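I opened the model to look up its salt bridges. My notes follow.

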Amino acid sequence: MRGQCLKRLFTIATYYHYRYNRVQEDVMVVCVCNAIREKDLRNAVREGAHDPCSAYARFGRRPKCGQCVPFAKSIIAAERATA
């Protein structure tokens, strides 16, 4: 009986872990001011954006407060390195 309970708990925990991680990838926000998600920024880089300003311009936006720029640069660098 204890083995069944542990197996069930493991199954439930695994389900929520994968579900949460999949959702998190879709909604990770890079720029709060402009509501730009990580997946959108990565797509902009794949389409030719080379810095945060050019990536944001693809959405008709520009950096406002600037808090997101270092994070956006790291995502852009990572995406360009894998391309």
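I started with Arg42, which forms a salt bridge with Glu38; their closest N and O atoms are 2.8 Å apart. My criterion was a side-chain nitrogen of Lys or Arg within 4 Å of a carboxyl oxygen of Asp or Glu. Both residues sit in helix H2, four residues apart, about one turn of the helix. Helices are DSSP runs of H or I with at least four residues, strands are E runs of at least two, and both are numbered from the N terminus.

This is a predicted model: local features need pLDDT of at least 70, side-chain atom pairs count only at pLDDT 80 or more, and totals for chains, interfaces and linings use all residues. Residues are numbered from 1 along each chain as its sequence is written, and side-chain values use heavy atoms, with hydrogens and water left out.

Next I checked Glu79. Its side chain meets that of Arg42 in a salt bridge (2.8 Å, N to O). Glu79 lies in helix H4 (residues 69-82) and Arg42 in helix H2, so this pair ties together parts 37 residues apart in sequence. Arg46 and Glu79 also form a salt bridge, at 2.9 Å, N to O. I noted that Glu38, Arg42, Arg46 and Glu79 are linked in a network of salt bridges. The whole structure holds four salt bridges.

Then I looked up accessibility (buried is under 20% relative accessible area, exposed over 50%, partly exposed in between; 1.4 Å probe, protein chains only). Glu79 is buried at 9%. Glu38 is buried at 17%. Arg42 is partly exposed at 22%. Arg46 is exposed at 55%.
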